[in-house]
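Hello,

Here is the structure for you to look over. My notes on it follow below.

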Amino acid sequence: MAKSESTKGSNLVWHPFGPLYDEQSRVLILGSFPSVKSREQQFFYGHPKNRFWPLLAALTGSEIPQTIEEKKQLALKNGIALWDVIASCEIVGSSDSSIRNAKPNDITPILENSNVRKIFTNGKTADSLYMRYIFPVTKIQSVCLPSTSPANAAWNMERLLSAWQIILKP
């Protein structure tokens, strides 16, 4: 379970699960911080309206995964590592705009134990947090992709598919 403590009216929340990667991973997709639903499920993109898993399935010509194990297999089979920029922060619910006092995750173990050569960020908040906290350490430029969050209603699935195809290019 996520560690949580009250600090002057807001919650300090710790990332409750680890990264997903293996030695074959060639791209790393970074989110900002897990949503409430993802924290409850202990896995990435757990909100039922987040389009990440249907998008990844469509990009790879796969069935939409239903279980965490199916999600892990889909990502790893396609050389995709998953993690989030933030290890802990004060956050209200799932609102990226409410993130305060963020502490970054260390992505070095992923980079040292995989074939990751490209880093993509899922949305502008993840990208700005990456540039602020992690880029100064890695010096690896990220590519910002449009967020798969349901809050990003301006991007329909067709537009997301077009933008996200880049993750599968060698």
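**Aromatic cluster**

Phe17, Phe43, Phe44, Tyr45, Phe52, Trp53 and Trp164 are linked by ring pairs into a cluster. Rings of Phe, Tyr and Trp (its six-membered ring) pair if their centres lie within 6.5 Å; planes under 30 degrees apart count as stacked, over 60 as edge-to-face and the rest as tilted.

This is a predicted model, in which local features need pLDDT of at least 70, side-chain atom pairs count only at pLDDT 80 or more, and totals for chains, interfaces and linings use all residues. Residues are numbered from 1 along each chain as its sequence is written, and side-chain values use heavy atoms, with hydrogens and water left out.

The structure holds 8 aromatic pairs. The rings of Phe44 and Tyr45 have centres 6.5 Å apart and planes at 35°, so this pair is tilted. Phe44 and Tyr45 are both buried (under 20% relative accessible area; exposed is over 50%, partly exposed in between; 1.4 Å probe, protein chains only). Phe52 and Trp164 form an edge-to-face pair, at 5.9 Å centre to centre and 80° between the planes. That pair links distant parts of the chain, 112 residues apart: Phe52 lies in helix α2 (residues 52-60) and Trp164 in helix α6 (residues 157-164). Helices (H or I, at least four residues) and strands (E, at least two) are DSSP runs, numbered from the N terminus. Phe52 counts as buried because its relative accessibility is 1%, and Trp164 is buried with a relative accessible area of 1%.

The charged end of Arg159 sits over the ring of Trp155, 3.9 Å from its centre (the criterion is NZ of Lys or CZ of Arg within 6 Å of the ring centre and within 35 degrees of the ring normal).

**Strands and overall fold**

The chain has 6 helices and 8 strands, in the order β-β-β-α-α-α-β-β-β-α-β-α-β-α along the sequence. Strands β7 (residues 118-122) and β8 (residues 142-145) run parallel and are joined by 4 bridges; two strands pair if DSSP finds at least two bridges between them. Asn122 has Leu145 in β8 as its bridge partner.

The C-alpha trace spans about 45 × 35 × 30 Å along its principal axes. Of the 170 residues, 46% count as buried. Among contacts (heavy atoms within 4.5 Å) between residues at least 6 apart in sequence, 63% join residues at least 24 apart.

Regards
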